[in-house]
Amino acid sequence: MSSVHSFDDTICALATPVGEGGIGIIKISGSDALQIARRLFKRSPPVDSFESHRLYYGTIVDPRSGAVLDEVLLSYMRAPRTYTREDVVEINCHGGPMVYKRILDLVLESGARMAEPGEFTRRAFLNGRIDLTQAEAIIDLIKTKSERGIELAAQYLRGKFHDQIDKWRSALTNVLVYIEACIDFPEDIEEETETDRLVRDLQHKILNPIKETLSNYDSGRILREGLKMVIVGKPNVGKSSLLNALLREDRAIVSEIPGTTRDTIEESFSLKGIPIHIIDTAGLRAPGDKVEALGITRARGRLAEADFVLFVIDGSMPLEKEDFEIYEEVKDKEGLIVLNKIDLPEKVNKAEVEKAFHSFPVVPVSVREGTGLGNLEEQIFEQVIKARIDYDRSLLAPNLRHKKCLEQTAEYINNAITLLRRGDSPELIAFELHQAMDKLSEIVGENVGEDILDHIFSQFCIGK
Ligand SMILES: Nc1nc2c(ncn2[C@@H]2O[C@H](COP(=O)(O)OP(=O)(O)OP(=O)(O)O)[C@@H](O)[C@H]2O)c(=O)[nH]1
Ligand SMILES: [Mg+2]
């Protein structure tokens, strides 16, 4: 993007969603913003000089025809106290597509150009108002699907992650200063106690906290994107009935014919504020035909990506070879066994299932009668969500990009520790530490490539 456009021009976009709405907001940012406002905005008496951060009531007038297009509220925000740190003008017009399109056209004719997706936020980043973790938090905030996700994004937005990175960087700088002094005065590093101190500092002040942060990755992913939960079991045990019950709607076809569900069915619901993507699958068994075989392959694919498994067993019939085969496939995952159809005469009880399939807790239910379902939801919450997301600790959960950078940082620090312990040359140690420093800086957006920025900002909508 920035290879095409420079950042000293003026951009504009519709900041509200496209379509009909109560109001439409047109946002203009850049050095020509005020001049464009002067050209298009009319009021009596005319405004001599726009005050910053004040709302003006008036009309938008086509300067060529003199036609009044709309009644609007306009605000001018003088740089640098703005979202982009540039001059910003916002026009609140009526939210009809014809109205805001015509006003946008006038703004474009007056010298602005259409903003790229995320370009306002990219300018905020390039102008130093926010760092890259804060820019990412803005995307998260817009896209998050859970209440806890909002809290997490809000923490990032306030710069909590940046503060943490700064602490690590300053600890790293302290070690680097010492090591670099040793390049000039090599005799100093010989002292064993100093080596110990440096290793200790690297380990306790940087490496261990980074590892702890990395361990929160999964929690962060679930908070941001939701938990992937897959329902498996042999045919006819009640998987689709369970899906419908959890969704509280008749989403999947249920029938007494084994092999009813042939494709995967995916839906989402919210469990105490955490989004859950729930996937119903074809019953796992030796397939009867080609279509069923495809469905079963698909089910296995979903299983591989799952965060959590609901393994359904029919309590009204004895355990079968197929149940044992499925258990072998899922036993290393996190999950629960749902012992279904307890309204029917019992052929296998909870204790027997627990004994046969000891990796999972067993929750007896009757989906048909609705018994045990509340308990099941409670158990899912306890097991998956509470266990992963520590509610008492203030969470710093890296996203995938941060995770990669932190893993590389940890690797460089480990290398440096090995070299230090071996009494290797300070040049080599300093090299590793500089690499670690660069990786930390990359997280907050210092020395990152255009390709990474393009990737991040392209996830925004236009007008943000
Ligand atoms: N008695 C009783 N029947 C149930 C219960 N849950 C489901 N069923 C019945 O079991 C049959 C199979 O239910 P489904 O939900 O279609 O089972 P499934 O596991 O999705 O089956 P496939 O898609 O064929 O793999 C239907 O006739 C349901 O009405 C239950 O708790 N008690
Ligand atoms: Mg089914």
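User: In helix α8 (residues 217-225), which residues are buried, and what makes a residue buried?

Analyst: Gly220, Ile222, Leu223 and Arg224 are buried in helix α8. A residue is called buried if 20 or more other C-beta atoms lie within 10 Å of its own, exposed if 12 or fewer do, and partly exposed in between, with C-beta atoms placed from the backbone. Helices (H or I, at least four residues) and strands (E, at least two) are DSSP runs, numbered from the N terminus. After α8 comes Gly226, whose phi is positive, near 105°. This is a predicted model, in which local features need pLDDT of at least 70 and side-chain atom pairs count only at pLDDT 80 or more, while totals for chains, interfaces and linings use all residues. Residues are numbered from 1 along each chain as its sequence is written, and chains are lettered from A and ligands numbered from 1 in the order in which they are written.

User: Why is strand β12 (residues 335-340) described as largely enclosed by the rest of the structure?

Analyst: In β12, 6 of the 6 residues are buried, so the rest of the structure largely encloses the strand. Gly335, Ile337 and Leu339 are buried on one side, and Leu336, Val338 and Asn340 are buried on the other.

User: How do you know that strand β11 (residues 308-314) and β12 pair?

Analyst: Pairing requires at least two bridges found by DSSP between the strands. β11 and β12 have 6 bridges in the parallel sense, so they pair by this definition. Asp314 stands opposite Asn340 in β12. The chain passes from β11 through helix α11 (residues 321-330) to β12 in a right-handed β-α-β crossover.

User: What makes a crossover right-handed?

Analyst: With the strands pointing away from the viewer, the path from the first strand over the helix to the second runs clockwise. A right-handed β-α-β unit is also made by β12, helix α12 (residues 350-356) and strand β13. β13 (residues 362-364) pairs with β12 in the parallel sense over 3 bridges, and Pro364 in β13 is the bridge partner of Leu339.

User: Which residues are in contact with Val338, leaving aside its neighbours within four places in sequence?

Analyst: They are Leu242, Leu310, Phe311, Val312, Val363, Val365 and Leu376. Contact means that the C-beta atoms of two residues, placed from the backbone, lie within 7 Å. Val338 is also one of the residues that touch the most other members of the largest nonpolar core, which has 115 residues. Such a core is a set of buried Ala, Val, Leu, Ile, Met, Phe, Trp, Tyr and Cys residues joined through C-beta atoms within 7 Å.

User: What is omega for the cis peptide bond that joins Ser44 and Pro45?

Analyst: Omega is about -5° for that bond, and Pro45 lies in the loop between β3 (41-42) and β4 (54-61). The peptide bond from Ala79 to Pro80 is also cis, with omega near 5°.
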